[in-house]
Amino acid sequence: MGDKFQLIHDVSPGTTGWTVKVIVAEKFSPRVAQRSPTKYQNLTLMDSEGSTVQATLYGQNITAFQDELLLGKTYLISNALVKETNAEYKAKSGEIQWTISGRTRIRRVEENNSNLLISTYSFTDFEDLPKYMDSNVDISVIGMIIDIKPRRIIQTRFGKECQVQDLVLVNKRFDTVLLTMWETFVDNECKYICQNLRKKLVLIGKHLKVTSFNGLSISTKADSSFFIDGEFELVEEFKSWGHTNSEIIDNMISEKHYLTSTPSKLSSKLSVPTDEKDFTEIKNIQGLKTVKQFFWIKGKASVKVLNQTYWYMSCNNCNKISSENYGDIYPCVFCKCTDAKAIPRAKVYMQLTDPTGYINATAIGNPAEYFLQSNAEILMNQTLIPTAASMRLSMDEDEIFYVKAITQELSPDCKFEILFIINPSQIAGDKNKGKAPVEHIGEPIKFLEPTTKRSLFHSDTDDAQSSKKKCDKSTIEITKKNQ
């Protein structure tokens, strides 16, 4: 980038006559300030030494400069307003902040500094994603986009409707992971991806988080940023790999196994506690009132209330409760999908116990099928009160549970949902043998043949309530989902 211009650290409040050559390292979506109706947009600018500064556009300047400051491009900038960052934002934004306005001089420089930019990224391997699950740690990833699911609408626990859309990324080992895009990313990035999906775009994402939703997935944050088919050597190498392996990738897209189960290679890397003291004792979470926490618990589960509905009819796009008949195509009132399909989903209300106490918890989807050792379609057709001969109702040995605690709308106490159920002996087998045979985990009862593909942790997530095969539409209640 040359060294005849000032560097970012040379510029401070009061400095005059300066010009800095920078690359636009990050460009975030415009947002509305929390304490005023002012609209603003943040950018991260980087100089030749890798130093960065946050630059901000306000109001009409966002539109005025939208074609001037392009992501990944290099510019000469002078006469921006330089000021100290407010104390409460210094930890995240740095000591100094620039404000770009009509007085700021900006000139495009035809230089390719992509290698400098990409050198600042530290990519997280797909296999290592479980280490950061539900930790809110920032990660960066690179992957090829091979599929995109329909846009859906969800409702947060604050009552706000949000639009989300899931991408499927694949890496060079053919591992896949879902990336959930929220709000403005749906309008911008997802719209472009839908129009160019056949090109097998390569995505670089920064400031993402790993969640336990859908087994294990990645999600955007407010400050996430993306390069899609950016001009990087790394991207060109990825595109070349994709071309060489196009037949394998096309088969993956055609079969879509990634939509029904979490890849085994990701599953085997799940960071399960190995020391007994790292598990949470149930007595310590009884009567819990804190919002949205996650716990590892070692214990047993059993069904105490036999006369319950072990399935509900759901939308195949958002998993919300449906009043339609099995197989019907209908417009979902929750996610707004116009061609949703009504499918059954397993669920079970059970008691989770360890030597210190018990809690009541719900398992939905894959963990419910694993516990019951049955599948949703079989459960839907079950007409009699179940017995131990028709499904599993209790565990003989301790297993490991990953549990989410979330607040209830009409109760001060938390409710608990089981996200994963893991067989301890299989974890030990994985450590001793390198990789456990996934299909041997949670052996099903011989005369029940679950249709869902098994993985090392049996997981799914959903906030829907129980339903009958056909119910009064007026009784449908919107169940709130946490972001």
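Reader: Is F232 buried or exposed?

Author: F232 is buried, with a relative accessible area of 4%. Buried means under 20% relative accessible area, exposed over 50%, and partly exposed in between, with a 1.4 Å probe and protein chains only. This is a predicted model, where local features need pLDDT of at least 70 and side-chain atom pairs count only at pLDDT 80 or more, while totals for chains, interfaces and linings use all residues. Residues are numbered from 1 along each chain as its sequence is written, and side-chain values use heavy atoms, with hydrogens and water left out.

Reader: Which rings link into a cluster?

Author: Ring pairs link F294, W296, Y402 and F420 into a cluster.

Reader: Which charged ends sit over a ring?

Author: Among them is K206, whose charged end sits over the ring of Y121, 4.7 Å from its centre. Another is R392, over the ring of Y370 at 5.4 Å from its centre. The criterion is NZ of Lys or CZ of Arg within 6 Å of the ring centre and within 35 degrees of the ring normal.

Reader: Back to α4. How many residues has it, and what span does it reach?

Author: Helix α4 covers residues 184–195, twelve residues, and reaches 17 Å from its first C-alpha to its last, close to the 16 Å expected at 1.5 Å a residue. The expected span is 1.5 Å times one less than the number of residues. Helices (H or I, at least four residues) and strands (E, at least two) are DSSP runs, numbered from the N terminus.

Reader: Which residues of α4 are buried?

Author: F185, V186, E189, C190 and I193. They cover an arc of only 115 degrees around the axis, which puts them on the same side of α4. The arc is that of the directions from the helix axis to the C-beta atoms. The face turned away from that buried side carries the exposed residues K191 and Q195.

Reader: What covers the buried side?

Author: The cover of the buried residues of α4 includes β9 (139–148), β11 (161–170), β12 (176–182) and β14 (217–228).

Reader: Which residues have a positive phi without being glycine?

Author: Among them are E183, at about 50 degrees, and D229, at about 55 degrees. Most residues other than glycine have a negative phi. E183 is in the loop between β12 and α4, and D229 is in the loop between β14 and α5 (233–244). E183 counts as partly exposed at 25% relative accessibility, and D229 does at 27%.

Notes
Contact means heavy atoms within 4.5 Å. Rings of Phe, Tyr and Trp (its six-membered ring) pair if their centres lie within 6.5 Å; planes under 30 degrees apart count as stacked, over 60 as edge-to-face and the rest as tilted.
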